[in-house]
Amino acid sequence: MVKNAKIKVTKNGPYIVAGGIPLLRMVIESDSYGDPLRWRIVQRYPLRENYSLCRCGKSKNRPYCDGAHIKQRFNGNETANNELYLKNVKEYIGPELKLTDKPELCVGAAFCVRDAGIWNLTVNSDMPGFKEMAIEEAANCPSGRLVVWDSEGKPIETDYEFSIVISEHEDGSPGPLWVRGGIEIESSDGSIYEKRNRVTLCNCGVSRNKPLCDASHFDK
Ligand code: FES
């Protein structure tokens, strides 16, 4: 954990990153059926104490902001309701796991569809290998839409490297910023979003749930 690390969402502008948060680029690799299988690191950016990341999607120096948002008159209005994750989640109960699911957080990474799909894997989690597969699929879900819980009611979370990831699909198409490890995210109005192990932020400018990604990048 890096001390005093924070991501500040600026009004109609970039994300200001403070506290020396490592920045990586990672790509989703698929299995032989074309289903997302794992994340692979393809680049580590030079470590900087402070930097600004493009939020409007128009920078020619991505992932960094180059001021293009001003010319573009970017409307970065934050419309995410900042409701706690556990409010209004769907629950799927299995013999060895519970799954909580908040579909509006989906960013289309699609790790959850492999094999029987995480919902079936959970409700049949006493079948050989199902529990392990469900845990793996949830851990790869970048937005934290999907969380699996053990039989004692504890979330099963990966101990990620404290970092921001520029995510990409295997075909080179861009995904959201994957914020890992419980980094504080402050709204342009000074309020703090729920601190979570996995969060995805819009970096293309078209999400209808800013600053969070809502998979609208697929519609661009
Ligand atoms: S937010 Fe500044 S160029 Fe995109």
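How many bridges join strand 1 (residues 6-9) to strand 11? Strand 1 and strand 11 run parallel and are joined by 3 bridges, and within strand 11 the bridge partner of Lys 6 is Glu 184. Strands here are DSSP E runs of at least two residues and helices are H or I runs of at least four residues, both numbered from the N terminus, while two strands pair if DSSP finds at least two bridges between them.

The model is a predicted one, in which local features need pLDDT of at least 70, side-chain atom pairs count only at pLDDT 80 or more, and totals for chains, interfaces and linings use all residues. Residues are numbered from 1 along each chain as its sequence is written, and side-chain values use heavy atoms, with hydrogens and water left out.

Elsewhere, strand 9 (residues 163-168) has 6 of its 6 residues buried, where buried means under 20% relative accessible area with a 1.4 Å probe, protein chains only. Ser 163, Val 165 and Ser 167 lie on one side and Ile 164, Ile 166 and Glu 168 on the other. Strand 9 runs parallel to strand 3 (residues 23-30), to which 5 bridges join it, and Leu 23 stands opposite Ile 164. With strand 10 the pairing is antiparallel, over 5 bridges, and Val 165 stands opposite Trp 178. The hairpin of strands 9 and 10 has 5 residues between the strands, and there Gly 172 takes a positive phi near 90°.

Key
Buried < 20%, exposed > 50% of the residue type's maximum accessible area, 1.4 Å probe, protein only.
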